[in-house]
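Here is a walk through one structure, taken element by element. Keep the 3D view open as you read.

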Amino acid sequence: MADDQREGVYGAPPAALAPTAPGAMQLSPLVPGSAAFETLADGALVRIAIAAPAGTLERRYTLAQALRTLAPGGRLTALAPKDKGGARIRGELEGFGCSVQETSKQHHRICAADRPDRVDGLDAAIAAGSSQSPPGLGLWSQPGVFSWDRVDPGSALLAAALPALAGAGADLGCGVGFLALKVLASPAVTRLALLDIDRRATQAAQRNIDDPRAAFAWADVRAWPAPDGLDFVVMNPPFHDGGAEDRALGQAFIRRAAQMLRKGGRCWLVANRHLPYEAVLAEAFAAVTPRADAGGYKVLEAER
Ligand SMILES: C[S@@+](CC[C@H](N)C(=O)[O-])C[C@H]1O[C@@H](n2cnc3c(N)ncnc32)[C@H](O)[C@@H]1O
């Protein structure tokens, strides 16, 4: 491995808080095309900067993977906003046997540690955050994936409202494949493209769906060379992007769905009732029909 590839970065830590070399290897599963910690050998890297995830199991998994892949003496910098897990990083790294220097800046806690020769508890943290099938879900999943250990109530409402679909379609932001399984239960479906920006989700979906009609893509829907002329799209669009509410992302999903559909094709979507999707739906589709409304969610059928 060349020297500049021996530096890793996970996500996008603010440069002012944790500068990284331009050639650092991206390791976040939320960046399509990035490398995966899981494929790196023990001690492969000499420096890693991590924008630490907010979820405890996911964060401990990521810190443990970083310490596993760092060579002894290698430098780990991990940071997060104080109220999104930042306040816990120091204790977690100390629990793994690190001696930590912690600073606070721009509402972040920034923890730096040199990887000690001996570390403790990495295997347990990695096992707890690895791919698994939680009993409440009954599908392969992984901490960090959307609604990783239970069916999202909005997705459940959409699945209950879906008719038997037919022809070729796409599941945008497919997660671990819960909606796709419902779609593929219809024998009239000929093809289904499943797409998600989270590598862990697309890998879990591939494990959950053994069906020759399904094709999987790890990509950002805004940049994906999408199929066109589709008969249907299903989706529960995200409205959090990097932790900040971003309605524009959900609206981009709606515009992309419209571009993929043939005239007369249908988009079935679920959204939190308060989300303002009606204007963009009216702009991109010929007709929009409410199909269900319960528990704070609305299911809409939009005809291209
Ligand atoms: C609300 S979840 C729905 C997941 C799944 N369809 C379900 O019903 O359980 C939205 C999904 O969109 C994915 N996502 C977020 N931003 C994306 C983007 N720009 N391109 C593609 N997928 C994205 C997330 O990783 C997440 O799995």
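This is a predicted model. Start with the sheet. Six strands make it up, in the order S2-S1-S3-S4-S6-S5. The sheet is open, and its pairing is mixed. Strand S2 (25-26) and strand S5 (100-105) are the edges, each pairing on one side only. Strands of a sheet pair through backbone hydrogen bonds, either parallel or antiparallel.

Now look at one pair inside this sheet. Strand S4 covers residues 70-81, and strand S6 covers residues 108-114. The two run antiparallel and are joined by seven bridges.

Two helices come next. Helix H2 (residues 86-95) packs on the sheet and touches S4, S5 and S6. The direction of H2 makes about 20 degrees with that of S6. Helix H1 (residues 56-69) lies across strand S1 (7-10), strand S3 (45-51) and S4. H1 runs at about 155 degrees to S4.

Move on to the ligand. Which residues are closest to the ligand? They are Ser 155, Gly 173, Gly 175, Val 221 and Pro 238, out of 19 residues that surround the ligand. Helix H5 (178-184) and strand S8 (189-196) each give two or more residues to this shell. By class, the shell has nine nonpolar, five polar and five charged residues.

H5 and S8 also meet helix H6, whose buried residues pack against both and against strand S9 (214-218). H6 spans residues 199-208 and is mostly covered, with seven of its ten residues buried. Among them are Arg 200, Thr 202, Gln 203 and Asn 208.

Terms used:
Residues are numbered from 1 along each chain as its sequence is written. This is a predicted model: local features need pLDDT of at least 70, side-chain atom pairs count only at pLDDT 80 or more; totals for chains, interfaces and linings use all residues. Two strands pair if DSSP finds at least two bridges between them. Helices (H or I, at least four residues) and strands (E, at least two) are DSSP runs, numbered from the N terminus. Two residues are in contact if their C-beta atoms, placed from the backbone, lie within 7 Å. Axes are lines fitted to C-alpha atoms, for helices over the stretch in contact, and angles run from 0 to 180 degrees between N-to-C directions. A residue is near a molecule or strand if its C-beta atom, placed from the backbone, lies within 6 Å of it. Ala, Val, Leu, Ile, Met, Phe, Trp, Tyr, Cys and Pro count as nonpolar, Asp, Glu, Lys and Arg as charged, and the others, Gly among them, as polar. A residue is buried if 20 or more other C-beta atoms lie within 10 Å of its own, exposed if 12 or fewer, and partly exposed in between; C-beta atoms are placed from the backbone.
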